[in-house]
Amino acid sequence: MIRFEHVTITYPEANAPTLVDVSFEVPEGELCLVVGVTGSGKSTLLRAVNGLVPRFSGGVLAGSVVIDGKSTADLPPRDLADVVGVVGQDPAAGFVTDYVEDELAYAMENLGVAPEIMRRRVEDILDLLGLHEIRHRPLASLSGGQQQRVAIGSVLTAGPRVLVLDEPTSALDPAAAEEVLAALTRLVHDLGITVLIAEHRLERVVQYADRIVMVPGDGRPVIVGTPAEVFGQSSVAPPVVELGRLAGWSPLPLSVRDARRLAGPLRERLAEVELSAFRRTPRVVGDVVAITDGLQASYGPVTALRGIELQFRAGEVVALMGRNGAGKSTLLNHLVGLREPASGTVRIMGAEPHRLSAHEVVRVAGLVPQDSGVLLYHDTVAAECSASDRDAGLVAGTTRSVLDQIVPDIKATAHPRDLSEGQRLGLALSIVLASEPPLLLLDEPTRGLDYGAKQRLVELLSRLAGEGHAVVIATHDVEVVAAVADRCVVLAEGEVVSDGPARDVVIHSPVFAPQVAKVLAPLPLLTVHEVELALAAVGDLPFS
Amino acid sequence: MSISPTYPAMSCARMSRAGRAISVCGVVLIALTGFIVTTSGRAEASSCSGPLSGGELRVVIVVDATDFGGGSSATCLVVPTGTTGSQLLARRSAELGTGSVRYGSSGLLCAIDGMPAAGCGDHNAGGFDYWGYFNAPSGSWVYGNINPFTRRLSDGDIEGWRYVRGGKGSPQDPPPRIAPSRSLFPVLAPNASAVVEQPAVESGTASSLNSSTTIDVAPERTSDPLDVASIVTTTLEPVAVEGVALASSRASDSTIGRWFAIAAVFVLIAMMAGGAWIQTRRSR
Amino acid sequence: MTAPRLLHPGAWWLWAVALAACALRTTNPVLLCLLIAVAGWVVVSRRTDVPWSRSFASFLRLGLIVIVVRLVFQILFGVRIPGTTLFSIPEVTLPSWAAGVSVGGPVTLESLMAALYQGLRLAAVLACFGAATSLCSPYRMLRALPTALYEAGVAVTVAFTFAPQAIVASRQVREARRLRGRSDHGVRAWTASALPVLEGALDRAVALAASMDSRGYGRRGGASVSLRRRSVGLVLLGLVALAIGSYGLLDPGAPAVFRLPALAVGVIALVGSLLAGGRSIERTRYRPDPWVKPEWIVSLAGMVALASFVLAGKMGDTLNPSTNPLEIPAVPIVAVVGLLVATLPAWFAPTPPTLATVSTSVAVAA
Amino acid sequence: MKRSGQHRIDVIRLGPTSWALLIAAFALGVVAFAWPLFASANSALDASHSADAPWIFVILIPLLIGVILAELADGSLDAKSVALLGVLAASGAVLRLPSGGVAGFEPVFFLLVPAGRVFGRGFGFVLGALTLFVSALITGGVGPWLPFQMFGAAWIGFFAGCLPPARGRIEIALLATYGAVAALAYGLVMNLWFWPFVSSGDTTVSYVAGDSVAENLRRFWGFHITTSFGFDIPRAVFTALFLVIAGRPVLGALRRVARRAAFEAPVTFIPAETGSTIH
């Protein structure tokens, strides 16, 4: 169905090709997962499927990409619309119209499909993706999961045989992500559509994948094979796979279910030892940095926060969890003084943030917003750094030095918007950190980060906590929480539903439990690293 | 923020208030109109041959619409002192009951006695079709360079208006065909005590007029005396008086009817505004 | 009667334009007030509950402003025509660089009335536009565009989708300024926030373009040369006709054929070119707005009103009551009846579906 | 961005038909705006005859704009240009929200002028027209003035695309001056359109059909001075100031996206056999 033959892609103004001699084939009706670190060329590969690369980006494509017998060299993307459907990372960015139905019909209007057929197909898609209740709704009023499903539907109506999705769930909370992935698997199984999907959060999709295309980046050849084959050798893998490698299971488990089946002996062995020793040692927490007292917040009629009572202490990493719209971002905004409490108080180092001038706030609390890009509005990295020094009244070069600690080797002349997600986050983070606020807030920092970048973030956060910052992260990423958080606060409908040591909160929640915990439950281990330590203690590491 | 800051969306209450505002302003407007019409509607008849009470003038106004296809007439009127040329014109048409004088938006006189029905100083044959204004300070027509709005009449004056075709708007344009002779004034009634009381100046001018009637009358201007005579006769008091009656009666009946019509329409408007208001209330 | 749906925008616009044409044919204050009331009545009975449907009220206020402005002008710059002087203001002559216009002098009721009538007429026309805007949704208007304007239409739709997001984005950016320790108020903040919003917008544009292209945008059947040639021909013909027509408008000496007839030919030709251009593109519409009985009723109601005004004019009714001398405006019964016919849409147009979700979503976005 | 700034992009190319259309439209536009200066006495446009004659243009202008848009769009308006038009128009409209274009503050130019400069005259024209259209739809301000605003803005965008090539400070100065002039002209022209409506008939500053152009100009000048000069000056100053302050980054952003969207980037396909020999 999809055939890449010796494809080498070089962008204009790029000195080295992004993809080198890529050859693989995806048979009809398979769900094929594309993995690889950020900037390895995943997106390039996906966009090459329907010829957006190079036709849209410019550049040179050597070799040939053949979809359903049609070569992208002969046909522009618009003429492949009824063969390949492409869905991007941010569904809203791809919407042309304002209403669900219109959006679904858009592609067909362009293809000149007869009205009655159009009507029927729209109805079919509405049922297939479970969109019929929201058919008349404006797109702007939909939740993330619904939007993403509409985006998928809007390309499906053209009747493509191939569906290409670039990180369709990275902007969604776990529940919404499940919605979308469930819809996708249904498409594969019911309609036999070939799906090519890129995803960072492997743990979400691995179990659905028939085949994996591993793009290692920097010119090394791509690895193609079944998940088990690929993960045998790849660096990036979901925790469950790593656990499998560690325990030397074969075939490698891809889902918690498989792993649990194989995990019996491991659990017994680990049960012998006192595991508390191998937990991450809890940090020493200092005195209270920030405190909220009966904090209420509301946007017009809707109450976003109701009576939040929280304390944040120096040197602890607190994870804020909960659905989208549970009030996480609102709480962070109040902590940094962007909003004035409807009632109740917020105090950071004894001061009410929303009363402080912007200049004073940055010295007590720093927030890295969800879209870290909004913090950046100069045209070079150097300009951003110097501007940040000026704003916070620091000695010139402070921000740059912080940046070099977080993400080394960023070109000073680079344009912030041309940086990778991770690099941009790093830049934003260093701007916020430059004035060393005792309270550091991050909203969805792991969004769009690959495992490597996440690992670096985790290390950075623990170091900051070690230096005595109070760190609060709002996130959906349970693996990160497991790796770094001391304390976990779960919000629901603007109320604190649970607040306690991350370990306890996480383990006992079916939603928030990391894969390792699920596999080893009831054993209180969260990360592969902890398991590794424990096994070492037991003295029988399979590969020692 | 509202999505339409240019025209901030109004609340329904204010919406209906706007509706009411309209009807109110309408009513006010009508009231004003009515006031004016009723005040200006009064027209008292006074005999041109009778004695003058103080503060009155006796003047003659000549209107020559021959070129338009209408007749030409000379009317003697008694008007209060301080009357201007244009007021005299208005007064004349009121008394004769002919159509009201029409002015253009720029203040230019467009039509007398409804002639012409439309247009104002329109182009024609390289010139203009317009009403020329003439005075007779010395017994002969002089092209009126004076503004009829500002010119104040004095006793014994003779004012002339002629419909000029293709004129240049200059003194070369032809004056009215009726010569501004003293004979246009009707003979005074025997008991001329009133006249005796008149200031000397007035009689002076009168005599000068008398003396100068026969003098310069260009041959072609004395277009047949019959015509003139007949017209003169037609424009003595009876006509004038009759005209007054006619004018007043027309004013009365039309005003009543119009008031009723207007009232009806505004009741309608009020109903709509009210309905709209209720509807918006309900939709809330 | 019919199920709730949105009336075809074309119908509403026809109706509104017809009413506007009525307003232009008269300065009779009674008729104008009635006309405004009629428009308002229909709007209130048939508008949707989305933000732009409130704009009628704003147009009314704009109308009042116009009236006031017109009056003020009359008072300041009015030519002094005789009449009943209400009051008079000191006369000043502006300096020569201001064209030496003289200001002030006695203000007569007649002139004020004339001004009021004219202002009222303009206000009525505005009310008609306001009615149209608040009665039909912009989205629907775009869908009703001729196919030749498809690209422009899509661009506008895109803009519509993007505008609320841009508003949100600009707010985020202003907040971000505060996060960076800069003031988030004042013009400088506004200017500085504009740029990142723009940056975001542009990135967004590229992503959107990709999505559109891979969904078949701009895939058009080859425009047949003959059709293309025809539409171009029509365009040129239309332009020539318009040129002649507008010349005819300026010069009274020009023969009558060179006026409205020429313009009409031009308009028809241009419309034709648009339609012809449209036919060369093979594209279909999803659930296009139907044009059925209610549409006919609405548009015809407008036409009847217009016809009644024309008729009234022919019958010599005083559509333009004299203001000098001032007289009570007569009420041409024919015109009144016509206007009453124009209220029919208030009952015969289908009730619009409630779009509460739209307004809320827009409000949230904004 | 310097490098890509060197060559002028022309997103919407103008064919002979387009040119003919634009020129004719310009001529008609002059009539549509300036007829009060030329209309001779008791011509159809003489206000003392009929009030609806001026409104003919309210119908003609949008039709013209429509035809031009159709013509310019025909062929050369691909997904990229449309998306770009859309978001730029939206941004312009949003910029316009706070002021609504009143009180002399007309931020539309801030975007329009640089955009016309970067993406070419055709694009400038379309963007100008669409921005005001979108703004009007968003604010529910679709009035008789809209077509004329669209027309005026369209030409401002067009001529911004016609400015001579320049770089660096000179370019900014060029744009700022143009912006100021354009703002003044825009105010003047919109006023010229409004003139016969607000001051029709019997005022000393209203046009007199058939009077000499000089006389009418004098009256119009009087009207302009007394009504809106107070707005036009600040508008011009605002525009120029903004372009001086933010001109460079805005141009930079536009050129960056012009590069990213690869409007004129070469696209090459090399068949498979040679493909393997590439590296």
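1. From the N terminus on, the elements of chain D run α-α-α-α-α-α-α-α-α-β-α. That amounts to 10 helices and 1 strand, where helices (H or I, at least four residues) and strands (E, at least two) are DSSP runs numbered from the N terminus. This is a predicted model, in which local features need pLDDT of at least 70, side-chain atom pairs count only at pLDDT 80 or more, and totals for chains, interfaces and linings use all residues. Residues are numbered from 1 along each chain as its sequence is written, while chains are lettered from A and ligands numbered from 1 in the order in which they are written.

2. Chain D has 279 residues, of which 61% count as buried. A residue is buried if 20 or more other C-beta atoms lie within 10 Å of its own, exposed if 12 or fewer, and partly exposed in between, with C-beta atoms placed from the backbone. Among contacts in chain D with a separation of 6 or more, 79% are between residues 24 or more positions apart. Two residues are in contact if their C-beta atoms, placed from the backbone, lie within 7 Å.

3. D:Asp74 sits in the loop between helix H3 (55-73) and helix H4 (79-96) of chain D. D:Asp74 counts as buried because it has 21 C-beta neighbours inside 10 Å. Between D:Asp74 and D:Ile12 there are 62 residues in sequence and 9.6 Å in space, C-alpha to C-alpha.

4. Chain C contains 13 helices and 2 strands. Of its 366 residues, 58% are buried. For contacts in chain C with a separation of 6 or more, 77% involve residues 24 or more positions apart.

5. Chains C and D meet through 79 residues from chain C and 78 residues from chain D. On the side of chain C that touches chain D, the elements giving two or more residues include helix H1 (9-24), helix H4 (109-135) and helix H8 (225-250) of chain C. H7(C) gives the largest share of that side, 15 residues. By residue type, the side of chain C that touches chain D has 55 nonpolar, 15 polar and 9 charged residues. Ala, Val, Leu, Ile, Met, Phe, Trp, Tyr, Cys and Pro count as nonpolar, Asp, Glu, Lys and Arg as charged, and the others, Gly among them, as polar.

6. Helix H10 (residues 293-314) of chain C has 22 residues and reaches 31 Å from its first C-alpha to its last, close to the 32 Å expected at 1.5 Å a residue. The expected span is 1.5 Å times one less than the number of residues. Buried residues in H10(C) include C:Glu295, C:Val298, C:Ser299, C:Gly302 and C:Phe309. The buried residues of H10(C) pack against H1, helix H11 (333-341) and helix H12 (345-348) of chain C. As a general point, an α-helix has 3.6 residues a turn, so residues three or four places apart point the same way.

7. C:Ala11 belongs to helix H1 of chain C. With 26 other C-beta atoms within 10 Å, C:Ala11 is buried. Leaving aside neighbours within four places in sequence, C:Ala11 is in contact with C:Glu295, C:Val298 and C:Ser299. C:Ala11 also lies 9.9 Å from C:Ala349, C-alpha to C-alpha, although 338 residues separate the two in sequence.

8. In chain A, 6 strands form an open sheet with mixed pairing, in the order S6-S7-S8-S3-S9-S10. Its edge strands, strand S6 (84-87) and strand S10 (223-225) of chain A, each pair on one side only. Two strands pair if DSSP finds at least two bridges between them. From one strand to the next the twist averages 15 degrees. Helix H1 (residues 42-49) of chain A packs on the sheet, touching strand S3 (31-35), S6, S7 and strand S8 (194-198) of chain A, and its direction makes about 155 degrees with that of S7(A). Axes are lines fitted to C-alpha atoms, for helices over the stretch in contact, and angles run from 0 to 180 degrees between N-to-C directions.

9. S6(A) and strand S7 (residues 162-166) of chain A run parallel and are joined by 4 bridges. A:Val86 has A:Val164 in S7(A) as its bridge partner.

10. In chain B, strand S8 (residues 158-167) is largely enclosed by the rest of the structure, because 8 of its 10 residues are buried. Strand S1 (residues 56-64) of chain B pairs with S8(B) in the parallel sense over 5 bridges. B:Val60 stands opposite B:Ile158 in S8(B).
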